[in-house]
Amino acid sequence: MARRSADQVGAAHRAQGLADQRPALGVVVAQQGLVEPALAALTQAGRLDPEQALVYLHQSRVLRALGRHSEAQAAGERGTALAPDMAAGWAELALACLSRGDFPRGWELWEWRWKTDQLRGYQFSTQPLWLGDSPLKGKVLLLWAEQGLGDSLQFCRYGAALAPF
């Protein structure tokens, strides 16, 4: 095996440092609303370290913001393949699927949100979730808000539509 020069070793360490920092740079830039530069930073991070699942999670978010939904789903697929236990990756993939109109898969994957850091432990009821797979006749269905007031107002109108079930 050939010995690496001190310059080569230094360059490798600098490249790894960039790979470690680019995802964070991409997130910060995206939070400032600069989605194109954020995507560029995340794309470079993926080139420097293609096995870093968080890069693809953040790429998916930025690509959705740009309306590039097929690419967002592909990035989400790559991230979840690299880190199959990362709940945030699956929740992001769900949003990418939903944004493309793949509702069956998107809603199924959306259940991963309960395992994310943001929602873990948020469920206030010990009652089982109703996922539409059993009849409701003679039962009480609890509807509750998990997102924000706008979503609550938007979706509360569907409560009456559940009565026939």
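Predicted model: local features only at pLDDT ≥ 70, side-chain atom pairs only at ≥ 80, totals over all residues.
I started with the crossing of α3 over α5, and it comes out left-handed (the near helix is turned anticlockwise from the far one by less than a right angle; clockwise would be right-handed). The helices here are DSSP runs of H or I with at least four residues, numbered from the N terminus.

Residues are numbered from 1 along each chain as its sequence is written, and side-chain values use heavy atoms, with hydrogens and water left out.

**α3 and α5**

I looked up the geometry next. Helix α3 (residues 53-65) packs against helix α5 (residues 87-100) at about 25°, with the axes 9 Å apart. Axes are lines fitted to C-alpha atoms over the stretch in contact, and angles run from 0 to 180 degrees between N-to-C directions. The pair is therefore roughly parallel (the label for angles under 35 degrees; over 145 is roughly antiparallel, 65 to 115 roughly perpendicular, the rest oblique).

Which residues of α3 meet α5? I find L57, S60, R61 and R64, facing A88, G89, E92, L95, A96 and S99 of α5. Contact means heavy atoms within 4.5 Å. I get four nonpolar, three polar and three charged residues, where Ala, Val, Leu, Ile, Met, Phe, Trp, Tyr, Cys and Pro count as nonpolar, Asp, Glu, Lys and Arg as charged, and the others, Gly among them, as polar.

**α2 and α3**

The axes come within 9 Å and cross at roughly 155°, so α2 and α3 are roughly antiparallel. This crossing is left-handed. On the α2 side I note V35, L39 and L42 among the contact residues, and on the α3 side Y56, V62 and L63 are included. The tally is ten nonpolar, four polar and no charged.

**Cores**

The largest nonpolar core has eight residues: A38, L39, L42, V62, L63, A72, A75 and A96. A core is a set of buried Ala, Val, Leu, Ile, Met, Phe, Trp, Tyr and Cys residues joined through side-chain atoms within 4.5 Å. Helix α2 gives the most, with three residues. Apart from this core I found another, of seven residues, including W90 and W110.

**Q73**

Buried or exposed? Q73 sits in α4 and counts as buried because its relative accessibility is 9% (buried is under 20%, exposed over 50%, partly exposed in between, with a 1.4 Å probe and protein chains only). Beyond its neighbours within four places in sequence, Q73 is in contact with L93, A96, C97, R100, D102 and R105.

Technical notes:
Helix = DSSP H or I, 4+ residues; strand = E, 2+ residues; numbered from the N terminus.
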